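Load the model and keep the sequence beside it.

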Amino acid sequence: MENVRFINVKFVKSASKKDEFISDELPQIAIVGRSNVGKSSLINMLTGNSKMAKTSSTPGRTRLVNYFNVNNQFYLVDLPGYGFHKAGKGVASSWDNVMNDYFSDNPNLKLVMVLLDSRLEPTSLDKQMIEYLAANELTSILVLTKTDKISRSEINNQINKVGKVLRFNQNLIVPTSASKKQGGEQIANLLGIYL
Ligand code: GTP
Ligand code: MG
């Protein structure tokens, strides 16, 4: 299949619980990762619109499931970040419930992009997330964010390391920089394969 192009992108809705989730005929591609890793910024890069998804230097900005309709072809779904406990324990468990509801019983979910900061070792939460997705037979790719902060050789080392630590095929680990607008083509290519 051809690279996905982001021609006509519209924000559709924010959902906070299961009965607000979208389950129509369109396929879905979800974006997950720890709070502040760059999920919303990646959406803005891919869609070429810096105002599409709200970004913030304050972790935990995105607390809802946000749906973006791309070309009436699929939904890009921005999920709340994990690892943000500032608001108290209750929020962490409600995150678990919302995510469980989203990931289970969602036949239209074709691919999950798991974002990892290119400068950091994957955390135990990242590992849990990836194991959870695999256990639920969901296909995932890894997206390394903020590569503008490190050198080319550090990027390559990180791809190697992350591939080994998470036992992930290196072809499915994509280095990106939202601020330098890098990596979008490789993602568009992978989305075309999995849609
Ligand atoms: P939550 O919604 O809180 O979970 O965060 P998020 O994962 O959506 O992160 P967001 O896109 O809001 O970005 C968090 C911070 O990282 C912001 O200050 C962004 O400007 C910054 N950031 C995101 N992507 C990049 C990047 O590629 N390079 C650099 N240098 N900064 C980035
Ligand atoms: Mg966000």
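Buried means under 20% relative accessible area, exposed means over 50%, and partly exposed is what lies in between. Keep in mind that this is a predicted model.

Take K17. Its relative accessible area is 43%, so K17 is partly exposed. Its salt-bridge partner is E20, with N and O 3.2 Å apart. E20 is partly exposed too, because its relative accessibility is 23%.

The whole structure has 4 salt bridges. Which residues do shared partners join into one network? They are R34, D117 and R119. In the R34 to D117 bridge, the closest N and O atoms are 3.7 Å apart. R34 sits in the loop between strand 2 and helix 1, while D117 belongs to strand 5, so this pair ties together parts 83 residues apart in sequence. R119 meets D117 at 2.8 Å, N to O. Now look at accessibility within this network. D117 counts as buried because its relative accessibility is 5%. R34 has 23%, so it is partly exposed. R119 is partly exposed as well, at 39%.

Strands of a sheet pair through backbone hydrogen bonds, either parallel or antiparallel. Here, 7 strands make an open sheet with mixed pairing, in the order 1-3-4-2-5-6-7. Which strands lie at the edges? They are strand 1 (9-15) and strand 7 (173-175), each pairing on one side only. From one strand to the next, the twist averages 25°.

Zoom in on strand 3 (residues 65-70) and strand 4 (residues 74-78). They run antiparallel, joined by 5 bridges.

Helix 3 (residues 124-135) lies across strand 2 (28-33), strand 5 (109-117) and strand 6 (140-145). Its direction is at about 165° to strand 5. Helix 4 (residues 152-165) touches strand 5, strand 6 and strand 7. The angle between helix 4 and strand 7 is about 155°.

Now go inside. In soluble globular proteins, nonpolar side chains tend to be buried together. The largest nonpolar core in this model has 60 residues. Which of them have the most contacts inside it? They are V65, L76, Y102, F103 and M113. Strand 5 supplies the largest share of this core, with 7 residues.

Leaving aside residues up to four places away in sequence, L76 touches F6, I29, I31, I43, L46, N66, Y67, F68, V70 and M113.

Y102 and F103 open another view. Together with F21 and Y132, they form one aromatic cluster. The structure holds 6 aromatic pairs.

Finish with helix 5 (residues 184-194). Which of its residues are buried? They are I187, A188, L190, L191 and G192. An α-helix has 3.6 residues a turn, so residues three or four places apart point the same way. What covers the buried residues of helix 5? The cover includes strand 2, helix 1 (39-47), strand 4, strand 5, strand 6 and strand 7.

Terms used
Residues are numbered from 1 along each chain as its sequence is written. Chains are lettered from A and ligands numbered from 1 in the order in which they are written. This is a predicted model: local features need pLDDT of at least 70, side-chain atom pairs count only at pLDDT 80 or more; totals for chains, interfaces and linings use all residues. Side-chain values use heavy atoms; hydrogens and water are left out. Rings of Phe, Tyr and Trp (its six-membered ring) pair if their centres lie within 6.5 Å; planes under 30 degrees apart count as stacked, over 60 as edge-to-face and the rest as tilted. Two strands pair if DSSP finds at least two bridges between them. Helices (H or I, at least four residues) and strands (E, at least two) are DSSP runs, numbered from the N terminus. Axes are lines fitted to C-alpha atoms, for helices over the stretch in contact, and angles run from 0 to 180 degrees between N-to-C directions. Contact means heavy atoms within 4.5 Å. A nonpolar core is a set of buried Ala, Val, Leu, Ile, Met, Phe, Trp, Tyr and Cys residues joined through side-chain atoms within 4.5 Å. Buried means under 20% relative accessible area, exposed over 50%, partly exposed in between (1.4 Å probe, protein chains only). A salt bridge is a side-chain nitrogen of Lys or Arg within 4 Å of a carboxyl oxygen of Asp or Glu.
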